[in-house]
Amino acid sequence: MRSGSFISDHQQYRSPVPPESHAHFAIDTVVEDLQGARISPPKSFSPFNGVPSKDEPPRIVEGLSHDFSHPNCAPPRGTASQRIVATLMYKTRSSNAGRSPRLDSASSSNIPANFAPTTNPDKFPLEPPSSDESESLDNIYGSYVSPMCITSFLHLMSSFPLPHGVTEATSSHRCLDDPEHPLVVELTLAPAPAPDYLSLVDLRKHELIYRFEREWNVDVILQADTLWRRHPRLVVFDMDSTLITQEVIDLIAATITDPPDLAAKVADITHRAMLGEIEFDAAFKERVALLKGLPVTIFDQLKPVLDVTKGVPQLLKAFKKLGIKTAVLSGGFLPLTSWLAHELGIDYAHANEVVVNDAGQLTGEVLGRIVGKERKEELLLEIAEKEGVPLQQVIAVGDGANDLLMLGTAGLGVAWNAKPLVQMEASARLNGDSLLDLLYLLGFMREEIDMLTT
């Protein structure tokens with residue numbers, strides 16, 4: 001069961017099998033066992049015609065092992081595929097200062113594949129550092145999704161039981177950006193672990209997955225390999241700390257000098273609400289009340305200050321080309337939300353409408369229902385119904401506790417640099433610098449992303 005590099009050569013991993021089964025031996029094992037012996041095939045070989053028979057052993061065609069259980073083969077007629085897709089995304093944020101972002105440049109690592117430790121201790125020390133990253137194996141094997149990282153993940157997945165009647169699992173992988181030092185790798189595994197033992201929802205929260213992410217400094221996004229994963233039709237965003245990097249109500253409070261402690265009071269309420277410690281609706285009313293007497297022109301003053309999250313304009317441009325509808329559902333203020341949606345070309349915009357008196361000042365009250373977690377879910381359902389989009393083809397992106405219902409209702413809920421509670425509950429999480437990384441979850445490769453954004 002040995003090979004030079006089965007990950008690189010065959011793009012495939014097989015779970016270990018007992019030696020006595022004599023199945024899928026690597027070529028070097030066969031040669032060593034048969035040294036000095038005359039090799040006589042038990043039967044004549046026939047040319048490969050594209051469809052191997054059940055009685056034939058797997059054939060090697062262009063470096064890829066093909067058989068009926070391979071994830072790139074269609075399942076038999078009348079049966080449903082049970083594949084899952086795991087997207088491994090190397091973390092390149094502040095905890096990895098100096099490491100290249102996924103969509104800006106290729107990894108600068110010069111570690112040969114499958115080699116560790118490196119001979120360049122200046123960049124990658126022979127021993128893991130004594131900081132908080134002391135458990136990160138990427139410090140040894142390279143600051144990218146290395147072959148050893150992929151092998152470790154596949155070994156982890158092989159520890160989960162297979163569905164009843166299935167004796168073998170197979171997998172394949174694709175490097176979605178840099179083929180030599182990839183920062184994003186997509187793996188297809190067939191079949192998924194036995195659903196009666198471990199559902200996909202529970203698998204995402206499994207302690208072994210969490211440990212793997214910490215050890216290799218990656219995010220693991222697990223999805224069912226269905227048609228809907230590759231063809232969404234509606235993407236819904238939160239605004240504050242998602243489409244933009246700030247919290248609007250904190251920006252408003254920061255511009256007020258009287259009373260001097262107003263900004264601190266508002267920021268504290270915002271922080272507790274995002275952590276889920278207090279209900280968002282009550283927290284929003286409390287914060288708006290603190291803004292009583294402000295001129296409504298404060299919203300116009302803030303428009304130039306809004307900092308759009310990196311990658312958002314390009315992402316929305318890609319969605320337009322793909323015919324995907326977009327919406328922003330914000331717990332902030334409608335004047336800013338509507339303006340931002342118009343600037344970015346977003347199709348729908350919903351947020352809170354504040355009451356303004358005849359003097360053009362905020363009264364500290366909100367008109368109508370507050371756009372909290374329940375209202376966001378309702379709006380998502382309303383927009384999906386209006387556009388005729390099944391929920392399986394809806395993606396929701398947010399960062400706070402008030403986004404959880406929206407994330408859970410959509411076919412794919414993505415926690416973007418989110419609070420711990422949201423990271424745990426969402427079906428996917430991204431912790432990068434550019435929201436353009438969302439396209440990787442749809443299976444797009446780097447060159448395809450470039451085509452969509454230029």
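**Exercise 1.** Does Thr-337 count as buried or exposed, and at what relative accessibility?

*Solution.* The model is predicted: local features need pLDDT of at least 70 and side-chain atom pairs count only at pLDDT 80 or more, while totals for chains, interfaces and linings use all residues. Residues are numbered from 1 along each chain as its sequence is written, and side-chain values use heavy atoms, with hydrogens and water left out.

Step 1. Apply the cut-offs: buried is under 20% relative accessible area, exposed is over 50%, and partly exposed is in between (1.4 Å probe, protein chains only).
Step 2. Thr-337 has a relative accessibility of 1%, so this residue is buried.
Step 3. List its contacts (heavy atoms within 4.5 Å). Residues up to four places away in sequence not counted, Thr-337 touches Met-239, Val-328, Ser-330, Ala-349, His-350 and Ala-351.

**Exercise 2.** Identify the residues with the most contacts inside the largest nonpolar core.

*Solution.* Step 1. A nonpolar core is a set of buried Ala, Val, Leu, Ile, Met, Phe, Trp, Tyr and Cys residues joined through side-chain atoms within 4.5 Å.
Step 1. The largest such core has 59 residues, and Ile-252, Phe-319, Phe-333 and Leu-438 have the most contacts inside it.
Step 2. Beyond its neighbours within four places in sequence, Phe-319 contacts Val-235, Phe-237, Ile-324, Thr-326, Leu-438, Leu-439 and Leu-442.
Step 3. Another core, of 26 residues, lies apart from the largest one; Tyr-90, Tyr-144, Leu-189 and Val-220 are among its members.

**Exercise 3.** Describe how helix 4 packs against helix 6.

*Solution.* Step 1. Two packed helices are described by the angle and the distance between their axes. Axes are lines fitted to C-alpha atoms, for helices over the stretch in contact, and angles run from 0 to 180 degrees between N-to-C directions.
Step 1. The axes of helix 4 (residues 147-157) and helix 6 (residues 207-216) come within 11 Å and cross at roughly 170 degrees.
Step 2. Helix 4 is therefore roughly antiparallel to helix 6; angles under 35 degrees count as roughly parallel, over 145 as roughly antiparallel, 65 to 115 as roughly perpendicular, and the rest as oblique.
Step 3. Met-148, Cys-149, Ser-152, Phe-153, Leu-156 and Met-157 of helix 4 meet Leu-208, Ile-209, Phe-212 and Trp-216 of helix 6.
Step 4. By class, this contact has nine nonpolar residues, one polar and no charged. Here Ala, Val, Leu, Ile, Met, Phe, Trp, Tyr, Cys and Pro count as nonpolar, Asp, Glu, Lys and Arg as charged, and the others, Gly among them, as polar.
Step 5. Eight of the eleven residues of helix 4 are buried, so this helix is largely enclosed by the rest of the structure.

**Exercise 4.** Determine the orientation of helix 13 relative to helix 18.

*Solution.* Step 1. Helix 13 (residues 312-322) and helix 18 (residues 446-453) pack with axes 8 Å apart, at an angle of about 85 degrees.
Step 1. The two helices, helix 13 and helix 18, are therefore roughly perpendicular.
Step 2. Gln-314, Lys-317, Ala-318, Lys-321 and Leu-322 of helix 13 make the contact with Met-451, Leu-452 and Thr-453 of helix 18.
Step 3. The contact of helix 13 with helix 18 has four nonpolar, two polar and two charged residues.

Methods. Helices (H or I, at least four residues) and strands (E, at least two) are DSSP runs, numbered from the N terminus.
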